[in-house]
Amino acid sequence: MAEEVPSFDFVDLFAGLGGFHVALQGLGGRGVFAAEWEPTLNELYAKNFPTATVWSDINKLDSPELIGERVPDHQVLTAGFPCQPFSKAGEQLGFGHTLQGQLFFKVLDILREKRPQRFILENVPNILRHKKGETLRTMIGELEALGYAVDWHKLSPHQFGDPQIRERAYFVGSLDGLDDFEWPKPTHRTTSIKTVLSDQVIPTRVIPEQTLRAIDMWDDFLRRSGEIKLPSFPIWSMEFGADYPFGSEGTPPAIWTERGPRGLDAFRGSYGESLEGLSREEQSSLLPSYARRDGDYLFPKWKQAFIRQNRQFFWSNRSWIVDWMNEWRPWELPQSLRKFEWNVQGGRRRIDDYVLQVRASGIRVKRTNTAPSLVAMTHTQVPILGKNIVGVRRYMTPHECAALQSLHGVTLPESDLAAYKALGNAVNARVVKAIAQSLVAGLAVRSAAVEQVEAA
């Protein structure tokens, strides 16, 4: 006899594409309410998940009476509250963020008023150490003050079969304790991005010409490097041939302030360009952007280390790097394309064998066992597949990226760029389902009275 599937109601806050909904629906749950402020995603959610009443701005649930009236009773609350205030990529304002940082407290308001038996929350892992742990202590304290037993854990989709390294912090809570709850154990040691790719795709989004040129440029760099060990640190080609001061002897902004542009006359900027006799503006144009910001009178140690390592690498390999520079003229490209991160130590030195991602920190090259983590900040960071993987260089499609989040079958925004952004914000349904399986196992089946009303 098949085991009876528990039946429970849940709400989905900051719902996005509905990753929590997909996960809990797969465990017998019924979504009864969702909140999503972005209009396109709000409309899509209503189409994808018609059992849920879809609310817009959660800030408009601004009183206990309104929460009681608008939010149905439920057994499980889920929320992937905005991560930007806690992300290492942002200013890390946390709860001090005037809008997004306060949304955790809206979750608390609903928990306080509706008293669901369980909850699952998700955010970036940096939230665990944000403000030296103060943010975590605040969260746990507030949740426990409502009577919930709380635990947290970090998990990533690649541990459960989806080929994407995307570690997130998950929080679970229960009004009747967590003694019977167990965090899921990883099921996969290896994955392959090929499991989510289609070989029938006709590329519709063109890779910019500058990006293609940069990919060819760095492929040639790999070919010319021969058998030498490639750096594990990011390659900053702007430091090739440069000798401007960057350490205890001062920095360009400090020297401009103290001595004016003549203080840099004896030095060379990026690619060995002389700074002698130039105005401050002209000198600035020949320096990397990270070396000329006003107020940067002392570079952090990590930046000093990268500058030093890149200059040493250049002088050790000058014989072939100069020819490479003269042929490709990297100074004509945007700075992000002049940086290179080789995360394939020991692999064949052909860039088209791998997965690429254009980031502010450079063109990052990764093995095909996982895709780069999807991000919502910019569409330019969508993974690019080398032509030796799928026959042509192309971006991963929105549907392939949806598979990275275990959101197969969910209708996506019509605009590719909007779809990429939404997927970058989405929660991975497979990971949530693995967590929720143990968490909801102890929930009582909805009462017979409720079932009778629904049947009627």
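Let's start at one side chain's residue. Asp162 is in contact (heavy atoms within 4.5 Å) with Pro157, Ala403, Leu404, Gln405, Ser406, Asn428 and Arg430, leaving out residues up to four places away in sequence. Where does Asp162 sit? In the loop between β6 (149–155) and β7 (168–174). Helices (H or I, at least four residues) and strands (E, at least two) are DSSP runs, numbered from the N terminus. Asp162 counts as buried because its relative accessibility is 2%. Buried means under 20% relative accessible area, exposed over 50%, and partly exposed in between, with a 1.4 Å probe and protein chains only.

Ground rules, quickly. This is a predicted model, where local features need pLDDT of at least 70 and side-chain atom pairs count only at pLDDT 80 or more, while totals for chains, interfaces and linings use all residues. Residues are numbered from 1 along each chain as its sequence is written, and side-chain values use heavy atoms, with hydrogens and water left out.

Now the whole chain. The protein chain has 15 helices and 13 strands. Its C-alpha atoms fill a box of roughly 85 × 50 × 40 Å along the principal axes. Of the 456 residues in the protein chain, 53% are buried. Take contacts between residues at least 6 apart in sequence: 67% of them join residues at least 24 apart. The accessible surface of the protein chain is about 21300 Å². Carbon and sulfur atoms account for 50% of that surface. The areas are Shrake-Rupley values with a 1.4 Å probe, and for residues only the protein chains shown count as cover.

Charges next. The protein chain carries 53 positive and 54 negative charges, and their mean positions are 7 Å apart. Lys and Arg count as positive, Asp and Glu as negative; His and the chain ends are not counted. Each charge is placed at NZ of Lys, CZ of Arg, CG of Asp or CD of Glu.

Back to the local picture, with strand β9. Glu341 lies in β9. Is Glu341 buried or exposed? Buried, because its relative accessible area is 9%. Outside four places in sequence, Glu341 is in contact with Pro234, Ser361, Gly362, Ile363, Arg364 and Val365. Trp236 is 105 residues from Glu341 along the chain, and their C-alpha atoms are separated by 9.0 Å.

Gly346 is in the loop between β9 (339–342) and β10 (355–359). Gly346 counts as exposed because its relative accessibility is 83%. From Gly346 to Leu230 is 116 residues in sequence and 9.2 Å in space, C-alpha to C-alpha. Ile351 lies in the loop between β9 and β10 too. Ile351 is buried, since its relative accessible area is 0%. Which residues does Ile351 contact, beyond four places in sequence? Ile215, Trp218, Asp219, Leu222, Phe340, Leu356, Val365 and Arg393.

On to the backbone angles. Phe14 is not a glycine, yet has a positive phi of about 55°. Phe14 is in the loop between β1 (8–13) and α1 (19–25). At 17% relative accessibility, Phe14 counts as buried. Lys132 has a positive phi of about 55° as well, and is not a glycine either. Lys132 is in the loop between β5 (118–123) and α5 (134–145). Lys132 is exposed, because its relative accessible area is 80%. Gly260 has a positive phi too, near 80°, and follows α7.

That brings up α7 itself, residues 252–259. Its buried residues are Pro252, Pro253, Ala254, Ile255 and Trp256. Those residues pack against α8 (280–285).

How many cavities of 30 Å³ or more does a search of the whole structure find? One. The largest cavity holds about 70 Å³. It is lined by 12 residues, and closest to its centre are Leu374, Val375, Val382, Pro383 and Tyr420. Helix α13 (residues 416–425) gives the most to that lining, with three residues. For the method: on a 1 Å grid over the protein atoms alone, a cavity is a set of points where a 1.4 Å probe fits but cannot get out, and lining residues have an atom within 4 Å of a point. Points are joined across faces, edges and corners, and the volume is the space filled by probe spheres set on them.

How values were computed:
On a 1 Å grid over the protein atoms alone, a cavity is a set of points where a 1.4 Å probe fits but cannot get out, and a pocket is an open set with protein on both sides within 12 Å along at least five of seven lines; lining residues have an atom within 4 Å of a point.
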